[in-house]
Amino acid sequence: QVQLVESGGGLAQPGGSLRLSCAASGSIFSIGAMGWYRQAPGKDRDFVAAIRLGGQITNYADSVKGRFTVSRDNAKNTVYLQMNSLNPEDTGVYYCASRTTPVISRSAVEYDFWGQGTQVTVSS
C-alpha cells in the first residue's frame with residue numbers, strides 16, 4: 001500500500017505561480033512512476049504531468065507544457081508540480097497518483113494509488 005498526500009493548493013491570480021507537493025509513504029520502494037491529474041467541476045479527470053522516479057523522464061499535457069514542471073526529491077519521498085503562468089483554465093482539484101511499473105503513463109486507470117486532492121483556484 002502507498003499513501004499519497006497532496007498539499008500546496010490555494011488561490012492564485014492569473015499569471016501567478018503555485019507549487020504542489022505530493023508526499024508518499026508506505027511501500028514507497030514499489031513506486032515506479034507518479035502522475036499529476038486535475039479535475040475541474042463537471043469535467044473528467046485529466047492528465048497533467050508524470051515522472052518516472054528512476055531517472056529524469058517526464059511527460060506533460062500540451063496545455064501545461066512550458067508552464068508546469070514536475071520534479072522529485074527521493075530523499076523526502078516527495079514529488080512536486082511547479083505551476084507558473086497560471087490561468088483560470090488551470091482551476092480544479094489536483095491529484096497525484098502512483099504506479100508500480102516504471103513507465104510513464106497518461107492513462108489514469110494505470111495508476112494504483114491516489115491522493116485525496118488539493119484545490120487550485122486561479123482567479124482575479
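## Strands β1 and β3

Strands β1 and β3 pair in the antiparallel sense, joined by six bridges. Strands here are DSSP runs of E with at least two residues, numbered from the N terminus, and two strands pair if DSSP finds at least two bridges between them. Within this pairing, S7 stands opposite S21 in β3. The model is a predicted one, in which local features need pLDDT of at least 70, side-chain atom pairs count only at pLDDT 80 or more, and totals for chains, interfaces and linings use all residues. Residues are numbered from 1 along each chain as its sequence is written, and side-chain values use heavy atoms, with hydrogens and water left out.

In a regular strand the side chains alternate between the two faces of the sheet. Strand β1 has V2, L4 and E6 on its covered face, while Q3, V5 and S7 lie on the uncovered one.

## The four-stranded sheet

An open sheet is formed by four strands in the order β1-β3-β8-β7, with antiparallel pairing. Its edge strands, β1 and β7, each pair on one side only. On average, neighbouring strands of this sheet are turned by 20 degrees against each other, direction ignored; the axes behind such angles are lines fitted to C-alpha atoms, for helices over the stretch in contact, and angles run from 0 to 180 degrees between N-to-C directions.

Strands β7 and β8 run antiparallel and are joined by six bridges. Two facing positions can be named: V70 stands opposite L81 in β8, and the bridge partner of S71 in β8 is Y80.

## The nonpolar core

In soluble globular proteins, nonpolar side chains tend to be buried together. The largest nonpolar core of this model has 32 residues, and those with the most contacts inside it are W36, L81, M83 and Y94. Such a core is a set of buried Ala, Val, Leu, Ile, Met, Phe, Trp, Tyr and Cys residues joined through side-chain atoms within 4.5 Å. Buried means under 20% relative accessible area, exposed over 50%, and partly exposed in between (1.4 Å probe, protein chains only).

The elements that give two or more residues to the 32-residue core include β1 (2-7), β3 (18-26), β7 (68-73) and β8 (78-83), as well as β4 (33-39), β5 (45-52), β9 (92-99) and β11 (118-122). The largest share, five residues, comes from β5. Leaving aside its neighbours within four places in sequence, M83 is in contact (heavy atoms within 4.5 Å) with G16, S17, L18, L20, R67, F68, Y94 and V120.

## Two buried loop residues

D90 is found in the loop between β8 and β9, and is buried, with a relative accessible area of 1%. The side chain of D90 makes a polar contact with the side chain of R67 at 2.8 Å. A polar contact is a pair of N or O atoms within 3.5 Å; within protein, one must be able to donate a hydrogen and the other to accept it, and residues adjacent in sequence count only if both atoms are side-chain atoms. Apart from its neighbours within four places in sequence, D90 is in contact with R38, R67, F68, S85, V120 and V122.

G115 is found in the loop between β10 (113-114) and β11, and counts as buried at 11% relative accessibility. Although G115 and A97 are 18 residues apart in sequence, their C-alpha atoms are 6.4 Å apart in space. Neighbours within four places in sequence aside, G115 is in contact with L4, E6, Y95 and C96.

## Aromatic pairs

A search of the whole structure finds four aromatic pairs. Rings of Phe, Tyr and Trp (its six-membered ring) pair if their centres lie within 6.5 Å; planes under 30 degrees apart count as stacked, over 60 as edge-to-face and the rest as tilted. Y37 and F47 form an edge-to-face pair, with 5.7 Å centre to centre and 75 degrees between the planes. Because Y37 lies in strand β4 and F47 in strand β5, this pair ties together parts that are ten residues apart in sequence. Y37 is buried at 1% relative accessibility, and F47 is buried at 12%.

The ring centres of Y111 and W114 are 6.3 Å apart and their planes stand at 65 degrees, so this pair is edge-to-face. Y111 is buried, with a relative accessible area of 4%, whereas W114 is partly exposed at 29%. Y37, F47, Y111 and W114 form one aromatic cluster.
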